[in-house]
Amino acid sequence: MKIKDRTVFALLSHGVMIVVTIMAVLPFLLVFLSSITEENTLVLHGYSFFPKKFSLYAYAYIVKKGGKIFRAYCVTVFVTLIGTSINVFISAMLAYPLSLKDLPGRRFWTFYVVFTLLFNGGLVPTYLLYTSVINVKNTIFALIVPNFLMHTMNVLLMRSYYSASIPSELYEAAEIDGASQFKIFGAIILPLGKPIAVTMALFSGLSYWNDWTNGLYYLTGYDGEKLFSIQNFLNKVVTDIQYLNSSQVGSSAEMLAKLPTVSVRMAIAFVAMIPILLLFPFLQKYFSKGIAMGAVKG
């Protein structure tokens, strides 16, 4: 009976995971198929997994007229790499002392970190702070500094991982050998905390890559458009087309014909997803280990 029960459980669990995997893959497949579907077919019949007519116009548009798209893509890659690196490093530096059991005022500092997760100053004070005090408006820092420079949840998960996975004896041995706290952090914490660091880098990287709100708030005018990420560029395309569709101006049809159409928007979205789709399989083993250990204790 035990063998039979295990077999039934294995079949059911595999079946559920197969269904979940298919549901996760289908949206990406639909975006790709829409990007290679002929425009009139999309307009008449909508999105479909079995398009009646294919076309590579969308990708030809990206290749021939992709100057702005390429620039937006480069901005997104730069912001993601720099922002993620800073995010993980700062989070790790804060998580390390919070993981030490003999840290003076450990409960207070932990509560202080958690408090920032529950409450914030609100949108208007935050906007005024970044535009008037820090002055990041229409600069590349507008896509890096606000919101995602450090996330409290990342700090808590990293703190839990350090507490559960790195023996305190290693700290004591390093201190006996005369190592400073910075030496311990660089020689012990960062190497042994690689799984949770990669996991948090994936979380942070996805946040930076998919972010468009910071560009919406802090990038305005011609100078701001030059710093648009791929998500901001796609959002602008959608907004412009919606405006022209609802406009009563006689030349709106001509203007609309010059803008990217539905298939092009799908192609831009699919191109924006490719790096994440290619990167995730190589980070999956670290992701699974890091998120499991980071959520067990603490």
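**Surface and interior**

A: The chain exposes about 18200 Å², of which carbon and sulfur atoms supply 70%; accessible areas come from the Shrake-Rupley method with a 1.4 Å probe, and for residues only the protein chains shown count as cover. This is a predicted model, in which local features need pLDDT of at least 70 and side-chain atom pairs count only at pLDDT 80 or more, while totals for chains, interfaces and linings use all residues. Residues are numbered from 1 along each chain as its sequence is written, and side-chain values use heavy atoms, with hydrogens and water left out.

Q: How many helices and strands are there in the chain?

A: The chain has 15 helices and zero strands; helices (H or I, at least four residues) and strands (E, at least two) are DSSP runs, numbered from the N terminus.

Q: And what share of the residues count as buried?

A: Of the 298 residues, 35% count as buried, where buried means under 20% relative accessible area, exposed means over 50%, and partly exposed is in between (1.4 Å probe, protein chains only).

Q: What about contacts between residues 24 or more positions apart?

A: Such pairs account for 73% of the contacts in the chain with a separation of 6 or more, contact meaning heavy atoms within 4.5 Å.

Q: Are Phe 78 and Leu 81 exposed or partly exposed?

A: Phe 78, which lies in helix 4, counts as partly exposed because its relative accessibility is 41%. Leu 81 is also found in helix 4, and Leu 81 counts as exposed because its relative accessibility is 54%. The C-alpha atom of Leu 81 is separated by 9.9 Å from that of Ile 144, although these two are 63 residues apart along the chain.

Q: OK, what does Thr 80 touch, leaving aside its neighbours within four places in sequence?

A: With those neighbours left aside, Thr 80 is in contact with Gly 205, Tyr 208 and Trp 209. Thr 80 has its place in helix 4 and counts as buried because its relative accessibility is 11%.

Q: Then where is Gly 205, and is it buried or exposed?

A: Gly 205 sits in helix 10, which covers residues 194-210, and Gly 205 is buried because its relative accessible area is 8%. Beyond neighbours within four places in sequence, Gly 205 is in contact with Thr 80 and Thr 84.

Q: Changing topic, which loop holds Ile 140, and what is it in contact with?

A: Ile 140 lies in the loop between helix 6 and helix 7, and apart from neighbours within four places in sequence, Ile 140 is in contact with Val 75, Phe 78, Val 79 and Leu 227. Ile 140 counts as partly exposed because its relative accessible area is 21%.

Q: What is phi of Asn 135 near?

A: Phi of Asn 135 is near 60°, a positive value in a residue other than glycine. Asn 135 is in the loop between helix 6 (123-133) and helix 7 (152-165), and Asn 135 counts as exposed because its relative accessibility is 53%. Asn 138 is found in the loop between helix 6 and helix 7, and phi of Asn 138 is near 60°.

Q: Last one: which residues form the negative patch?

A: The negative surface patch is formed by Asp 102, Glu 169, Glu 172 and Glu 175. Lys and Arg count as positive and Asp and Glu as negative, while His and the chain ends are not counted; the place of a charge is taken as NZ of Lys, CZ of Arg, CG of Asp or CD of Glu. Asp 102 is in the loop between helix 4 (67-99) and helix 5 (106-118), and Asp 102 counts as exposed because its relative accessibility is 64%.

Key: Patches are made of residues with over 30% relative accessible area and no salt bridge: like charges are joined within 9 Å, nonpolar side chains (Val, Leu, Ile, Met, Phe, Trp, Tyr) within 5 Å. A salt bridge is a side-chain nitrogen of Lys or Arg within 4 Å of a carboxyl oxygen of Asp or Glu.
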